[in-house]
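Visitor: Could you walk me through this one? I'd like to start with how the chains meet and then change topic.

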Amino acid sequence: MQKIGVFVCWCGSNIAGTVDVERVAQAVANEPGVVISTDYQYMCSEAGQLKIRQAIKEYGLTGIVVCSCSPRMHEATFRKTAQAAGLNPYMVEIANIREQCSWIHKDKDEGTEKAIILAKAAIAKLHLNTPLKAGESAVTKRALVIGGGIAGIQTALDIADAGYEVDIVEKSPTIGGKMAQLDKTFPTLDCAACILTPKMVDASAHEKINLFTYSEVEGVSGFVGNFKVKIRKKARHVKADLCTGCGVCTEKCPSRKAPNEFNQGLNKRGAIYIPFAQAIPNVPVIDTEYCVKMKTGKCGLCATVCPSKAIDFEQQDEIVEREYGAIVAATGYKLINLDNFEEFGYAQNKDVITSLELERLMNAAGPTKGTLLRPSDNEHPHEIVFIQCVGSRDVSGCGKPYCSKICCMYTAKHAMMIRDKYPDTKVHVFYIDVRTPGKNFDEFYRRAVEEYGVDYIKGMVGKVVEKDGKLLVQGSDLIANEQIKIEADLVVLATAIEPDPSVKNLATMLTASIDTNNFLTEAHAKLRPVESPTAGVFLSGVCQGPKDVPETVAQASAAAAKVIGLLAKDKLTCNPCVANSNELLCNGCSQCANVCPYGAIEYINKEVNDHGKREVRRIALVNEAVCQGCGACTVTCPSGAMDLKGFTTRQIMAEVDAICK
Amino acid sequence: MTYSYYPGCTLKTKAKELDRYARVSAEALGVTLAEIEDWQCCGAVYPLALDEIATKLSAVRALDSAKKEGRELLTLCSACHHVIKRVNNDMLTNDDIRMKVNNYLKLDTDYVGETNVVHYLEMLRDAVGFDNLKAAVKNPLKGRKIAAYYGCLLLRPAKVMQFDNPENPTILEDFIKAIGATPVITGYRNECCGGYVALEDKAIPQKRANMILEEAVSKGADTVITACPLCLYNLETNSTIDNKPTICYFTELLAEALGLK
Amino acid sequence: MTVNEKELAERVIRISGVNTKKCMKCGKCSGTCPSFEEMEYHPHQFVSMVEKGQIKKLMESKSIWTCLSCFACIERCPRSVEPAKLIEAVRVCVIRQQGENHLKANAVPEKLDENMPQQAIVSAFRKYSK
């Protein structure tokens, strides 16, 4: 018979406000095996833990039940407490009387009754607990960063500086991401290229960093410390080892039909191209969709002019398999499609542009060499309207329900820079709210209004119509309670951002979860913001939620710190609550292997001794290092051979019996 | 291809051209329009108030008629299409309205939104196909510059009407191309003509119609087409601009292009 | 808010099906409304006034007769508040009262012209009378 201690936590008034904790402690004091049952204000505090440790020693407890918050919160805490007092940490059971009782019940009697039942269930389970011992697994001392924008670059640099190898996989031909497209960065207005390109160079020159550009992750297997990843290196059709980056091929290419992605399609590029002058690596890529040679077999001018014979029309994709201890997702974002917002006429008028297009139009390396010219006729715009929240905070189904977070600040930046460079230009900003939480952010926005005379209008635009070469913008001015019309030369849409679409497939490969907006989910919104719930997978940048550059860099470094903490370990403790198969009951049907999301089950032929009868049978074998203890196999197994340590069928049924009593 | 056809009141009186040319053109394109028996006025406006039941009954009768024939219900007038499509959506998605309407009508079997409501233009696009229409054209309207005026009722609310992109529609422009003319795209093509307020205060539709037509003319349109008798009325009768373009129903041009006019 | 006004506000909410609390006060409805100039209270004000229970002011306003039912505010509202439904509900509250038809049958003939389609007459009747 176990000797059990029950410890009921008040959680201040969080639990005690709705659950009579004293009554709970008394009600279970006479349950079989319980030798002490008590309550305390904060069981997780130093004093509370001391109470538990003392009780374990004083009463010679073999197991404890803590009635407190969710095990996600403090199970690990109380396991350590028990271990410190000489108890096996898996002889601890948590009855969640906060999230499952006090927070959801208003009636104290009801809450108390339920808390007592949950405590009894935990006691019933604990009677069947056995001490478990966690195994160990080795750690591959290399990290994979997926995405080569500022988030991925910063994470990779920090990990590499700590002395660990890092691979960056970037799907486009160069690293740099969205930040490379920006002109200036708020709130200090430094040039984005001036602060980003040195970091790109650092990443490429770092002896510990290996770049896989124009590459994509195709498959992930394994587990924390021991991931195996398949990377597809897409064919550039240019031999990187021979190419000197002279650029002759890109100049001579006769095709000029492909939209220039780096300039947001505002101009065209050749079929063989380098995205931008500072691209890393400085190796061109052939766009097979536009290359005349690849499509018709005629041309091949690039190969003729290449002085180093680097062009290779026959080049094939290559698959590389690498092992990693940790994986960081840094897949970034894109602007939403504006088809659902055609009242603003983005598809119908060339002079209705997105903010990212404006970045290119203001960038010295952009299609207009930094002179602000409107796309329709290359004239200077003299009156510009900015529309905020296009597709953000939209619950109608047309846009995104969240705030994209960066638009208020970059619009203030754009407005200010235009007024600074072209003082004769009138600038209006339609806003719903101006959101500027951040160091020196509100001051920045106020400067746009007070020093630069930007006209902020509280209201939203309803319709944009082209009229005699101008854009007639009709919107509301809510402060004046008027409907106003502005004849603008250029309209800029602060378009909502969304996670890069590649994240969905990646999340499946990583068994990382995504939310309803396709942002990757963090393990805990406040306390574990850069970790995914899947061990060994970390989050960096906008793939987790909208962020500006400073916040992205901060989070990127935080993710790196977590990776370094993991790679610094030589061994990882495994979760001992894993599946195991009773070889005498297993009939080799394969159903468990089919449902296992981690590929942890394999089948072997083994000689078994079934009541004296020796025979070779096909049976399931669980790889304990790979198993995550999800239990899918145990409920699938038709013969009852599969069971989960720490959560055996007997234990679960004992809980159910206790609840139903 | 046979459809149950709901013409509506206005098509029997002031908008006979809309109806007549739709029928002859359909016939030429191999489409049979079988007018449903004993149809009643759809009510012309969709009742937005959730407790309006009686005003939805005639639309349901028409829908049930088509259901009994086992056909799709084809409409032509924008208002009829709007009302019938939205009432059908209510019958499909709103338990309360569905129950009350069926309690009231006492049909042989309850009507629960089974009928598919198709606008004549959708029939041209999806069943005939604009490529086939183009091939059937005998008298292409070459050189004509035509502005499509959609109005409100075909497009909005897009979630229910599912007709086209409500802010950047293409169906009428594609139709114009199919009959050999050049579409002129205007910004006000989906902005209201002033609607029924014309009965009480002509100043409002006058302002709207002038604005809509001025834009069409300034962008080079010689003709403005519509599918709505009320839009046509406001644009034609209540506008006061001098250089008015030709304003007609799209079916008139369809018949003309097919050599039936 | 009087007892009567509170009851009216509840009725408007019930028959419109509108959740005024979803409004984020962006003003897109009023920025889009083709009848804005003809209105005393504008679409965005309907939302806040219904929320405050100021139904009588709205019932007496000419705004309810000048809404064109074009559904632009419904289509473009980013929060699915859809103010036209409130305008319709207030209008219905008026015309359902005894003797409060906005359009009387005997006044119709003088308003007609030879081109006016049946659609216009039926629409106006449905919108203005019970």
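Visitor: How much area do chain B and chain C bury between them?
Guide: In this predicted model, where local features need pLDDT of at least 70 and side-chain atom pairs count only at pLDDT 80 or more, while totals for chains, interfaces and linings use all residues, chain B and chain C bury about 3900 Å² between them, 59% of it on carbon and sulfur atoms. Buried area is the accessible area (1.4 Å probe) that two parts lose on being put together, summed over both. B:Leu48, B:Tyr196 and B:Leu199 supply 22% of the area that chain B buries against chain C, more than any other three residues.

Visitor: And how many residues are in contact?
Guide: On chain B there are 46, in contact with 45 residues of chain C, where contact means heavy atoms within 4.5 Å.

Visitor: How many salt bridges cross that interface?
Guide: The rule (a side-chain nitrogen of Lys or Arg within 4 Å of a carboxyl oxygen of Asp or Glu) finds seven across the interface of chain B and chain C. One of them joins the side chains of C:Arg96 and B:Asp51, at 2.7 Å from N to O; residues are numbered from 1 along each chain as its sequence is written, chains are lettered from A in the order in which they are written, and side-chain values use heavy atoms, with hydrogens and water left out.

Visitor: Switching to chain A, what is the strand order in the open sheet?
Guide: Its three strands run in the order β11-β12-β17 with antiparallel pairing, strands being DSSP runs (E, at least two residues) numbered from the N terminus, and two strands pair if DSSP finds at least two bridges between them. The edge strands of chain A are β11 (215-223) and β17 (318-324), each pairing on one side only.

Visitor: How many bridges join β12 to β17 there?
Guide: Seven bridges join β12 (residues 226-233) of chain A to β17(A), and A:Val229 stands opposite A:Arg322 in β17(A).

Notes. Helix = DSSP H or I, 4+ residues; strand = E, 2+ residues; numbered from the N terminus.
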